[in-house]
Each structure stands twice: as structure tokens, then as C-alpha cells.
Amino acid sequence: MTIKTMTMPQLGESVTEGTISQWLIQAGDTIEQYQPVLEVMTDKVNAEVPALYSGKIVRLLANENETVDVGTPICEILIESNQDEVTVENTNSSGTLQTDKSEAETKQEIMKNRYSPAVLTLAQEHQINLSELTGTGLSGRITRKDVMNYIKQNKAKSNQSINKIPANITSAKKNTKIIQSINREIPVTGIRKAIATNMVRSKTEIPHAWMMIEVDVTNLVAYRNAEKDKFKEQEGYNLSYFAFFLNAVAKALKEFPELNSSWQGDKIIQHKDINLSIAVGNETELYVPVIHNVDEKSIKGIAKSVHELAYKAKHNQLTQADMEGGTFTVNNTGTFGSVQSMGVINYPQAAILQVESIVKKPVIINDMFAARDMVNLCLSLDHRILDGVICGRFMSHVKTILENISGDTTPIY
């Protein structure tokens with residue numbers, strides 16, 4: 001019998017610490033290898049961490065909501081092994097392994113009432129009373145899969161129930177929501193705290209500079225409008241403008257690899273792969289997953305990747321692998337109607353490009369007014385890595401690519 005120590009894992013490139021949002025086990029619990037034992041939040045993702053060993057939890061070495069560095073011991077597990085690294089001693093401390101039946105029942109009851117953020121989000125979204133569910137997780141804990149099955153099995157029944165709700169009751173519920181929204185307190189914990197920490201780091205360490213160009217995308221709008229219906233019918237997802245912008249940025253990064261770089265203390269790493277981080281989110285949280293090797297994908301391939309990542313974000317299915325390896329960020333701020341914005345650089349990347357709304361407006365061409373589809377592209381750059389000359393040339397190249405899009409220059413397949 002030996003005791004093994006689990007440490008805080010590194011959940012992604014450049015991640016140096018993690019916040020324990022919730023322990024899924026307690027001292028004295030018996031666990032299986034790969035069973036989720038805790039939830040960790042970083043600025044990249046909220047992830048469940050599996051057990052490295054099968055055995056019994058001896059003690060927890062870090063508290064919930066505590067932020068610890070990668071590699072810091074977080075819990076000890078008693079395992080069956082011939083190794084003699086640590087000798088197990090009987091103890092009556094908080095980490096005792098001998099619990100009587102009543103204590104075990106109490107712990108099981110506590111575990112039943114511990115819910116992960118994903119479970120709480122689904123329950124709130126679908127107005128589910130979690131006490132009505134039977135959990136299949138450890139000690140009867142309700143998992144995300146349990147909630148999804150409940151939603152699936154009761155969808156028809158729930159719809160019928162909603163239709164039968166009297167109008168006065170519906171009105172009362174709406175009023176209750178209004179009352180609850182007043183003076184609502186939102187604790188700064190979890191992924192929001194991690195995002196805040198990374199944003200402060202970006203703004204305090206990176207000397208931001210900013211520039212903007214205006215691009216005539218009339219040809220792009222005409223091309224995309226001519227193809228979008230057929231594409232949707234054939235592929236089942238939208239042919240978005242954003243796919244064309246990502247394609248143009250990837251082509252420009254191959255021409256100007258200086259922008260596809262990251263700051264690494266005493267050196268600058270210029271990345272060979274072009275992996276674009278994009279901002280996607282659900283109703284409450286924003287994530288920055290990555291499309292890898294964008295320069296090797298067709299417009300269809302890029303559109304498919306955007307669709308899949310957006311779906312995962314909406315349904316809380318993004319994994320750590322989806323969030324890793326970004327080398328440059330493109331943010332589609334135009335989705336919200338924005339026409340000009342300054343993005344905060346996704347540390348330690350060298351720059352972030354904001355794609356604003358496409359707006360039809362009068363433009364003078366050959367001394368005559370013409371109605372054109374125009375878009376602003378805004379670039380924030382790390383002035384330690386880049387200067388205005390190289391960024392100006394990069395932006396000019398992106399503009400040239402976008403203004404010359406057609407079926408001949410930019411095939412969809």
C-alpha cells in the first residue's frame with residue numbers, strides 16, 4: 001500500500017495555474033482510475049480532471065476556489081502497490097480512512113447535492129428541479145449526462161405542461177424573475193476570475209498599439225450571397241462571411257509570419273503552423289477555441305470548423321484540445337453590430353484582428369458616388385514584437401485579398 005500524490009495539471013499551453021472550482025470527491029472516497037475527481041478553471045477552459053490512480057482518497061491538499069500553480073500537490077491517494085514511497089499510518093486526523101456507516105451515508109448525501117457548473121447551467125436553462133433526478137455518478141451525484149437524458153426523456157411531457165400553465169401563473173413567474181434581477185449579486189469566481197486575471201496580465205505586460213483599415217468587400221458579399229443557399233442545402237450549415245475573413249488572414253500570415261508569433265520572455269517564437277483562435281460563446285460565457293492549420297483548409301473546411309466549435313460552445317462540449325495551440329486571434333465583433341473596436345491581445349500572442357460589421361454606404365469611385373459594402377478591420381499589436389510598418393503591410397495584404405475575392409480566386413471547395 002502506498003500513497004500517490006496528484007498535482008495540478010497543466011491544462012493548456014502557457015497555462016501556469018488553475019483554480020479548483022469544485023472537488024467531486026472527499027477524503028475517504030474510493031475512486032477508479034480516470035474517474036473525474038475535481039473541476040479546474042483556467043483562463044482557457046473549465047475542465048474535469050480525472051484520477052491518475054485507482055484507490056482511496058487520503059486527504060485533499062487544496063481548497064475549493066483556491067488558485068494553485070501547475071505542479072502543486074492537490075490530493076493524496078492510497079493505492080494497491082508494492083512500492084514503498086510512503087507508508088500508510090492509521091490516523092485520526094481529517095484524512096482518516098476509517099469511517100463508520102453513518103459518516104459514509106452523510107458523505108453520500110452531501111455528494112448527491114454537489115453539482116458541477118455544467119449541471120447547474122443546464123438545470124437553470126431548462127428549469128429543472130435537480131432533486132427530481134437520480135444521479136449515476138459517484139455516490140449518486142448527478143452528472144451532465146443524467147440531465148441531458150432527463151431533458152430528452154421529458155421533452156414532450158414538458159412541452160405539454162408548459163402549454164397547460166394558466167396565463168396568470170406565467171405572468172407571475174415573469175414578475176418573479178424581474179424581482180430577482182434587482183440587486184443581483186454575482187460572485188467573481190470561476191472562469192470569469194480566470195479571464196479577468198489574464199486580461200490584466202495582457203493589459204499590464206503588453207504595450208498595445210492599434211490600427212484600422214477600411215475594406216471594400218462588395219465582391220465578397222455578392223459571391224457569398226450567390227452561393228449561400230446552395231451551400232446550406234448541400235452541407236447543412238451556413239456559409240458565413242467569417243470563413244472568408246479567416247481564409248484571408250491565414251493567407252496574409254503566410255506572407256507575413258512575423259504576426260504569427262508569441263512573446264516568450266527573452267525570445268520571440270515565430271510559429272510555423274497557422275492556428276487561429278476565434279471567439280465563440282453561449283449565453284453566459286465566452287470561449288476562444290482554435291482552428292488548426294487554417295491555411296490548409298478550403299472555405300468549406302473553415303466554415304465547418306467554425307460551425308462545429310460554435311455548436312460545442314453553445315452546448316458546453318468544448319474540450320481542452322479544442323482550446324490549445326492558438327497562434328493568432330480573429331474576433332468577429334461585427335456579429336454584434338460593432339463598426340470599430342480595439343481588442344485585447346490573447347496573451348502571449350502577438351496580435352488580434354477584429355472583423356467589424358459589413359455596412360453598405362456611399363463611396364466615391366472615379367469621382368462618382370457608388371453604393372459599396374464596406375467593413376472595418378481593427379488590429380491590436382504587441383509593440384514589443386511588432387511595429388507599424390510590418391503590421392501596415394500585413395493589413396494592406398489582407399485588404400487586397402478580400403477586395404479581389406471571386407469564384408476564380410477563392411473557390412469554396
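Which residue lies over the face of Y241, and at what distance from the ring centre?

Guide: The model before you is a predicted one. R224 is the residue in question: it lies over the face of Y241, at 4.3 Å from the ring centre. This arrangement has a counterpart elsewhere in the chain, where R384 lies over the face of W263, at 4.2 Å from the ring centre.

Let us now consider the rings that pair with one another. A pair of aromatic rings is described by the distance of the centres and the angle of the planes. The structure holds 4 aromatic pairs. In one of them, formed by Y223 and F244, the ring centres are 5.9 Å apart and the planes stand at 65 degrees; since an angle over 60 degrees counts as edge-to-face, the pair is given that name. Y223 belongs to helix 7, which covers residues 218-235, while F244 belongs to helix 8, which covers residues 241-255; the pair therefore ties together parts that are 21 residues apart in sequence. Both Y223 and F244 are buried. Ring pairs also link F231, Y237 and Y413 into a cluster.

F244 leads us on to the packing of helix 8, because it is among the residues of helix 8 that make the contact with helix 9. Helix 9 covers residues 299-314, and the two helices pack at an angle of about 115 degrees, with their axes 9 Å apart. The crossing of helix 8 past helix 9 is right-handed. From helix 8, the contact is made by F242, A243, F244, L246 and N247. From helix 9, the partners are I299, I302, A303 and V306. Sorted by class, this contact has 8 nonpolar residues and 1 polar residue, with no charged residues.

Although N293 is not a glycine, it has a positive phi of about 50 degrees. Its relative accessible area is 24%, so N293 counts as partly exposed. D367, in the loop between strand 17 and strand 18 (368-382), likewise has a positive phi without being a glycine, in this case of about 65 degrees. With a relative accessible area of 76%, D367 is exposed. Another loop, between strand 16 (328-331) and strand 17 (351-365), contains P348. A cis peptide bond joins Y347 to P348, with omega at about 5 degrees.

E76 has its place in strand 8, residues 73-79. Its relative accessibility is 15%, so E76 counts as buried. Not counting residues up to four places away in sequence, E76 touches I3, K4, T5, K56, I57, V58, R59 and L61. E48 lies in strand 5, residues 46-50, and is partly exposed, with a relative accessible area of 44%. Leaving aside neighbours within four places in sequence, E48 is in contact with L24, P36, L38 and E39. Of these, P36 is 12 residues from E48 along the chain, and their C-alpha atoms are separated by 5.9 Å.

Finally, these parts may be set within the whole. The protein has 11 helices and 18 strands, and 41% of its 413 residues count as buried. Among contacts between residues at least 6 apart in sequence, 65% join residues at least 24 apart.

Notes
Residues are numbered from 1 along each chain as its sequence is written. This is a predicted model: local features need pLDDT of at least 70, side-chain atom pairs count only at pLDDT 80 or more; totals for chains, interfaces and linings use all residues. Side-chain values use heavy atoms; hydrogens and water are left out. Rings of Phe, Tyr and Trp (its six-membered ring) pair if their centres lie within 6.5 Å; planes under 30 degrees apart count as stacked, over 60 as edge-to-face and the rest as tilted. Helices (H or I, at least four residues) and strands (E, at least two) are DSSP runs, numbered from the N terminus. Buried means under 20% relative accessible area, exposed over 50%, partly exposed in between (1.4 Å probe, protein chains only). A charge sits over a ring if NZ of Lys or CZ of Arg is within 6 Å of the ring centre and within 35 degrees of the ring normal. Axes are lines fitted to C-alpha atoms, for helices over the stretch in contact, and angles run from 0 to 180 degrees between N-to-C directions. A crossing is left-handed if the near helix is turned anticlockwise from the far one by less than a right angle, and right-handed if clockwise. Contact means heavy atoms within 4.5 Å. Ala, Val, Leu, Ile, Met, Phe, Trp, Tyr, Cys and Pro count as nonpolar, Asp, Glu, Lys and Arg as charged, and the others, Gly among them, as polar.
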